[in-house]
Amino acid sequence: MTERRILRAVAMPKASSTIFGEVRWLAEIDSTNRYLLDEARAGAAAGLVVVADHQTAGRGRLGRSWVAPPGASLLVSLLLRPTIPVDRRHVLVMTAGLAMAEAVEAETGVIAGLKWPNDLLVGDRKLAGILAEAAGDALVVGIGVNIEWHEVPDELRAIATACNLEGGRATTREAVLAAFLDGYSARLTDLARAREDYEARLLTLGRRVRVEQIDGVLTGVARGVDASGRLLLDHDDGTQSSVSVGDVVHLRAE
Ligand code: BTN
């Protein structure tokens, strides 16, 4: 895959004190995560940020694709080289979800809740999703946030939303990005606090859920998230389990 021309270098006035340095804004790329994973393997430093107006092969969780109309979503990937143990890295990804919910709220007034592990929801509809991918010691955190959608693809109508569709104040992708980079940098300095605040925004908490995994399905009531970001479940038979990977469906109370 050839790399595309860098469309613009983005000035980030509010983000001047963040750990994030260069922002590369591309007109089109297959996937900002793919691009940044390749940059990471080639030795790029932590803090590199890549944004695209459009992705031709956006990646979602669990092998799914991520589709957004061109120019309508903030499609961003961040390069981290974390020093915390690998089994705790998920907290960094949860913290990104929390920081994005806070940035969206600050910039648009739209209040999004979190669905474990990293979806931002308004009602039952998805406003943003996060896909983290690793390459050696590098962790690429990719986020897609629906900012201003005027045409909702038919297949997404029932499951996706955007800030403008939720009555949010008009904003730009640049403004949301700047607020996010600022907030995420600050949040990364206190991960214990971030975990608490993540739980406070977690719509999954206390809900009866179905967790779909590659090798089966679990049901139970979500009781919290541990220090590694695993979802803690109480099962009907009185047993408990913790889940590190899976797709959560919020079930209606019986
Ligand atoms: C999900 O399935 O909820 C995760 C979606 C993640 C999409 C973002 S858009 C920017 C980055 N580049 C990708 O290819 N995927 C992530």
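**Close-up 1. Where domain 1 and domain 2 touch.** In this predicted model, 15 residues of domain 1 are in contact with 15 residues of domain 2, where contact means heavy atoms within 4.5 Å. The assignment for the protein chain places domain 1 at 4-200 and domain 2 at 208-250; such bounds come from an automatic or database domain assignment. Between the C-alpha centres of the two domains there are 25 Å. About 1,200 Å² is buried between domain 1 and domain 2, and carbon and sulfur atoms give 54% of that area. Buried area is the accessible area (1.4 Å probe) that two parts lose on being put together, summed over both.

A word on reading these views: the model is predicted, so local features need pLDDT of at least 70 and side-chain atom pairs count only at pLDDT 80 or more, while totals for chains, interfaces and linings use all residues. Residues are numbered from 1 along each chain as its sequence is written, and side-chain values use heavy atoms, with hydrogens and water left out.

Close-up 2. Let's look at the pairs that join the two sides. Side chains of opposite charge can pair when their charged atoms come close. The rule finds 2 salt bridges across the interface of domain 1 and domain 2, a salt bridge being a side-chain nitrogen of Lys or Arg within 4 Å of a carboxyl oxygen of Asp or Glu. Arg-61 and Asp-247 form a salt bridge, with their closest N and O atoms 3.3 Å apart. On the side of domain 1 that touches domain 2, the elements giving two or more residues are α2 (90-108) and α4 (191-200). Helices (H or I, at least four residues) and strands (E, at least two) are DSSP runs, numbered from the N terminus.

**Close-up 3. Around the ligand.** Which residues come nearest to the ligand? Of the 20 residues around the ligand, these are Ser-31, Gln-55, Arg-59, Arg-61 and Lys-126; a residue counts as near if one of its heavy atoms lies within 4 Å. The side chain of Thr-32 has an N or O atom 2.9 Å from a nitrogen atom of the ligand. From Arg-59, a backbone N or O atom lies 2.7 Å from an oxygen atom of the ligand.

Close-up 4. Arg-24 belongs to strand β2 (residues 23-29) and Glu-39 to helix α1 (residues 32-41), so the pair ties together parts that are 15 residues apart in sequence.

**Close-up 5. Arg-223 and its neighbours.** Find Arg-223 in strand β10 (residues 216-225). Leaving aside residues up to four places away in sequence, Arg-223 touches Leu-205, Gly-206, Leu-232 and Asp-234. The side chains of Arg-223 and Asp-234 are joined by a polar contact of 2.9 Å.

Note on methods: A polar contact is a pair of N or O atoms within 3.5 Å; within protein, one must be able to donate a hydrogen and the other to accept it, and residues adjacent in sequence count only if both atoms are side-chain atoms.
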